[in-house]
Amino acid sequence: VSTPPCRDPISFDVLVEYWLGELNDEHTQRIDAHLLGCDACGAKLDEIVALTDGVRGAFDAGLFGTIIGAGFARRLAELGLRLREYRVQRNGSVACSVGPDDDVVISRLSAPLSGIGRLDLLRLGQPGEPALRAEDIPFDAAGGEVVFVAPAARLRALPTCTERMQLIAVDASGERLVGDYTFNHSSTR
Amino acid sequence: MGNAATFVEVPADDACTEEAAIAVRIAAAAPEVDRGAEGELYRRLAPRVRRYGLRHLRDPHAANDLMQLVMVRVIEQLRDGKVREPLRIVSFVFGTCRMVLLEQQRGESRREKLLEQWGDAISVADISVLPRLDHRRVADCLGRLAERERSVIVLSFYEERSADDVASMLGLTAGNVRVIRHRGLARLRDCVGRGPT
């Protein structure tokens, strides 16, 4: 059965704002009412719901890594997830692993970040792997650390090995190494 | 409580004549029961009520409960002639959604009694299933985004957080988060929609 087109469609961005609770009560109720009469806009909301479920499912399965910041790390702990956290000092190293019961593996890279405009995170690859560079990562300069979730699924597949990461400040004059971090990973396979 | 016909203003453009015609059939059939019309009304409106529940309850099971309760109550009141204007069925459903949501939030739900009484007459099996995405595909597409886009999207959607909340967690401004979210979502939707490459 085809969905009739909407005569006054709500934009995808506004539906995202509606879904994330960013609209005031009056606007929210107008959209509530519209969606109860409109399958075309409802299908767009279904897509947002599916993306939400997909992002959550992929994150919970440890299928990708990302910068999260200290606030979200605290929130994950409040949600009852089992966190394994490693704090690595600037130019320091840490012995690390991932257990079968760990939900999320969080790394905290300490660094002096004040005054930095753009910060890149470089992961030096295993032999045969290319280095990966995440450009212009979000960071909290006042907190003095970069907090990220590593993809647990990848970590579980790693043999015992050493991985290095670097924080690099970038500005008009060029690049500067901010910190170098070594992870001595023990396989639990 | 729960028996009063409730209308909430819905813009004229949102009035859906096909649903209204079906509601009129159900009301006109009383005291007989037009199961075909009831099933059709359920099939059309239940997914919309479920969306309302998902938005306001943030839980698929609670949203399904709300969907069933609202639809049972709407059909019950149509059968009983308690809907004054069946032509405005969508606004009646909206009012019922709000009432049932409030009752659920206060723990006053008549769920068991209603579903015992009407559950057999209403089939939930034939309504559309919410679309689902393959998590590996989503992860692959997230991996193709810029780091800021990935961070903002994960923090926004993992717990349905506003731009203000995400901004404070990442040390960005709310306006910046909205711009990054817009750009990242466009790329994510495009990638997910294209399928594996």
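Is A:Asp136 buried, exposed or partly exposed, and what is its relative accessible area? The legends below belong to a predicted model, and the first of them answers this question.

**Figure 1. The loop around A:Asp136 in chain A.** A:Asp136 is partly exposed, because its relative accessible area is 28%, and a residue counts as buried only under 20% and as exposed only over 50%. The loop that holds A:Asp136 runs between strand 6 (132–134) and strand 7 (145–150) of chain A. The backbone of A:Asp136 has a phi of about 55°, a positive value, although A:Asp136 is not a glycine.

**Figure 2. Chain A, with its helices and strands.** Chain A contains five helices and nine strands. Read from the N terminus, the order of the elements is α-α-α-β-α-β-β-β-β-β-β-α-β-β. Chain A is more spread out than a compact globule, because its radius of gyration is 21 Å, whereas the globule rule gives 16 Å for 189 residues. The C-alpha trace of chain A spans about 60 × 45 × 35 Å along its principal axes. Of the 189 residues in chain A, 52% count as buried. If contacts in chain A are taken between residues at least 6 apart in sequence, 61% of them join residues at least 24 apart.

**Figure 3. The surface and charges of chain A.** The accessible surface of chain A is about 8500 Å². Carbon and sulfur atoms account for 49% of this surface. Chain A has 19 positive and 27 negative charges. The mean position of the positive charges lies 7 Å from that of the negative charges.

**Figure 4. The largest nonpolar core.** This core has 56 residues. The residues with the most contacts inside it are A:Phe59, A:Ile68, A:Leu76 and B:Phe157. Helix 3 (residues 39–60) of chain A gives the most to the core, with eight residues. In soluble globular proteins, nonpolar side chains tend to be buried together.

**Figure 5. The surroundings of B:Phe157.** Which residues does B:Phe157 touch, not counting residues up to four places away in sequence? In chain A they are A:Val16, A:Trp19, A:Leu20, A:Ile48, A:Thr52, A:Val55 and A:Arg56. In chain B, B:Phe157 touches B:Leu185.

**Figure 6. A:Asp39 and its contacts.** A:Asp39 is in helix 3 of chain A. With a relative accessibility of 25%, A:Asp39 counts as partly exposed. Leaving aside residues up to four places away in sequence, A:Asp39 touches A:Thr3 in chain A, and B:Arg44, B:Arg48 and B:Arg51 in chain B. The C-alpha atoms of A:Asp39 and A:Leu20 are separated by 20 Å, and the two residues are 19 residues apart along the chain.

**Figure 7. Chain B, with its helices.** Chain B has nine helices and zero strands. Of the 197 residues of chain B, 50% count as buried. Among contacts in chain B between residues at least 6 apart in sequence, 72% join residues at least 24 apart. Chain B exposes about 9100 Å², and 50% of this area comes from carbon and sulfur atoms.

**Figure 8. Two loops of chain B, with B:Pro31 and B:Arg58.** B:Pro31 is in the loop between helix 1 (17–29) and helix 2 (35–57) of chain B. The peptide bond that joins B:Ala30 and B:Pro31 is cis, with an omega of about 10°. B:Arg58 is found in the loop between helix 2 and helix 3 of chain B. Phi of B:Arg58 is near 60°, a positive value in a residue other than glycine. B:Arg58 is partly exposed, and its relative accessible area is 30%.

**Figure 9. B:Asp65 and B:Gln105, in two helices of chain B.** B:Asp65 lies in helix 3 (residues 60–79). Its relative accessible area is 22%, so B:Asp65 is partly exposed. The C-alpha atoms of B:Asp65 and B:Val154 are separated by 28 Å, and these residues are 89 residues apart along the chain. B:Gln105 is in helix 4 (residues 89–106). The relative accessibility of B:Gln105 is 51%, so B:Gln105 counts as exposed. The C-alpha atoms of B:Gln105 and B:Ala23, 82 residues apart along the chain, are separated by 28 Å.

Methods:
Residues numbered from 1 in each chain as written. Chains lettered and ligands numbered in written order. Predicted model: local features only at pLDDT ≥ 70, side-chain atom pairs only at ≥ 80, totals over all residues. Heavy atoms only, no water. Helix = DSSP H or I, 4+ residues; strand = E, 2+ residues; numbered from the N terminus. Rg over C-alpha atoms; globule rule 2.2 N^0.38 Å. Buried < 20%, exposed > 50% of the residue type's maximum accessible area, 1.4 Å probe, protein only. Contact = heavy atoms within 4.5 Å. Areas by Shrake-Rupley, 256 points an atom, 1.4 Å probe, with all protein chains shown as cover. Lys, Arg positive; Asp, Glu negative; His and termini not counted. Charge placed at Lys NZ, Arg CZ, Asp CG, Glu CD. Core = buried A, V, L, I, M, F, W, Y, C linked by side-chain atoms within 4.5 Å.
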